[in-house]
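Welcome! Please look over the sequence and the 3D structure below, then work through the exercises one at a time. Try each task yourself before you read its solution.

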Amino acid sequence: MPSFKYRQLGMSVISLMVGLLLAMISILAGMTLYKNIVSTSIEARTDAVQDGQLASALLSVQLELQSAGFGLVPGASQHIALIGAAGASQTLSWRYKPVGGAVTCKAFRIRDVEENTRRQLQLLTPNNPVSCTETAVLGTLAWSDNPDNVTVLAEFRASEAAQADLPAISVTLDTQNCFPYGLGQAADHQMVTITADNAARRAAKKSGTAVPNSEFVYSFCLPNL
C-alpha cells in the first residue's frame with residue numbers, strides 16, 4: 001500500500017502571535033484617539049465655562065459699580081478706592097446712598113484660596129456696616145470673610161497646585177474722558193478697567209507656547225463720581 005505525507009494547513013503559533021500583536025496595536029491606537037477626543041472635548045467645555053464665568057461675573061460687577069457715588073456729594077470725598085497692585089490680590093471698594101436709605105459700601109475682590117489652587121472673584125460687604133459712612137476712608141474698611149456676606153461671582157481652579165495655571169485678572173482705576181452707557185456727551189469720569197485672561201491665553205501659558213495678544217478688557221465709565 002502506498003504511503004502519503006500530509007502537510008498541516010492550520011495556523012502556526014507565530015502567525016497567531018503576529019495577529020495578536022497587530023490587534024493590540026490597533027486597539028491601543030483607537031484608545032489613544034478616543035482619549036485625545038475626550039480630552040479635547042473636556043478642555044473645550046472647561047474653556048467655555050471659564051469665559052462664560054468671566055463674562056457673567058464682570059457683568060454683575062458692572063451693574064453694581066454703576067451705583068458708585070449715587071446719592072452722595074461728588075468730589076466731597078473719595079467714593080471709590082482700589083487697594084493692591086496689578087498681579088496681586090486687589091480690592092476695589094465703593095459706596096453709594098440709595099434713595100431714602102443709609103450709605104452702603106461694597107467691594108469687588110480678586111482672591112486666591114486653598115494654597116493658590118483656586119482664584120475667586122468676590123463681591124463683599126463690610127465687617128461692620130456702621131463703619132460705612134459718607135466720609136469714611138474706603139481703603140481702611142475691613143471686609144467680611146463670613147460666607148454669608150461674601151458672594152462668589154466666579155471661581156477658577158488650577159489643574160495643578162500652581163498659580164500659573166490660573167487666569168491673570170487685574171483692575172485699574174483712573175480718570176478718563178468717557179460717556180456712560182455709550183450715550184450723551186463725553187466728560188471726565190472715574191473709569192474702572194478690568195483685564196482678564198481668556199481661555200486661549202490661559203491654555204497658551206499652561207503649555208508654554210506663544211500667548212495671544214487678545215484678552216478680555218471690560219471698561220466701566222462711572223457717571224456719579
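## Exercise 1: The disulfides

Cys105 and Cys132 form a disulfide, with their sulfur atoms 1.9 Å apart. The model is predicted, so local features need pLDDT of at least 70 and side-chain atom pairs count only at pLDDT 80 or more, while totals for chains, interfaces and linings use all residues. Residues are numbered from 1 along each chain as its sequence is written, and side-chain values use heavy atoms, leaving out hydrogens and water.

**Solution.** 

Step 1. Besides the link of Cys105 and Cys132, Cys178 and Cys221 form one, with sulfur atoms 2.0 Å apart.

Step 2. Helices (H or I, at least four residues) and strands (E, at least two) are DSSP runs, numbered from the N terminus.

Step 3. Check the handedness. The link of Cys105 and Cys132 is right-handed, with 85° about the S-S bond. For Cys178 and Cys221 the torsion about the S-S bond is about 75°, so that disulfide is right-handed.

Step 4. Count the bonded cysteines along the chain: the pattern is 1-2, 3-4.

## Exercise 2: Buried or exposed?

**Task.** Decide whether Cys105, Cys132, Cys178, Cys221 and Pro98 are buried, partly exposed or exposed.

**Solution.** 

Step 1. Set the cut-offs: buried means under 20% relative accessible area, exposed over 50%, and partly exposed in between (1.4 Å probe, protein chains only).

Step 2. Apply them to the cysteines. Cys105 has a relative accessible area of 3% and is buried. Cys132 is buried at 7%, Cys178 is buried at 7%, and Cys221 counts as buried at 10%.

Step 3. Turn to Pro98, in the loop between β2 (91–96) and β3 (104–113). Its relative accessibility is 29%, so Pro98 counts as partly exposed.

Step 4. Look across the fold from Pro98. Gly71 is 27 residues away from Pro98 in sequence, and their C-alpha atoms are 6.4 Å apart in space.

## Exercise 3: The strands and sheets

**Task.** List the secondary structure and give the strand order of each open sheet.

**Solution.** 

Step 1. Count the elements: the protein has two helices and eight strands. Along the sequence they follow the pattern α-β-β-β-β-β-β-β-α-β.

Step 2. Follow the five-strand sheet. Its order is β1-β2-β3-β4-β5, with antiparallel pairing. Two strands pair if DSSP finds at least two bridges between them.

Step 3. Find its edges. β1 (80–83) and β5 each have a single partner strand, so one side of each is left without a neighbour in the sheet.

Step 4. Zoom in on one pair. Four bridges join β1 and β2 in the antiparallel sense, and Leu92 in β2 is the bridge partner of Leu82.

Step 5. Move to the three-strand sheet, whose order is β6-β7-β8, again with antiparallel pairing. Its edge strands, β6 and β8, each pair on one side only.

Step 6. Finish with β7 and β8, which run antiparallel and are joined by seven bridges. Met191 has Cys221 in β8 as its bridge partner, and Cys221 is also bonded to Cys178.

## Exercise 4: The nonpolar cores

**Solution.** 

Step 1. Define the term: a nonpolar core is a set of buried Ala, Val, Leu, Ile, Met, Phe, Trp, Tyr and Cys residues joined through side-chain atoms within 4.5 Å.

Step 2. The largest such core has 25 residues, and Leu65, Trp94 and Phe108 are among those with the most contacts inside it.

Step 3. The largest share, five residues, comes from α1.

Step 4. Apart from this core lies another, of eleven residues, including Ala81, Ala107, Cys132 and Trp143.

Technical notes:
A disulfide is a pair of cysteine sulfur atoms within 2.5 Å.
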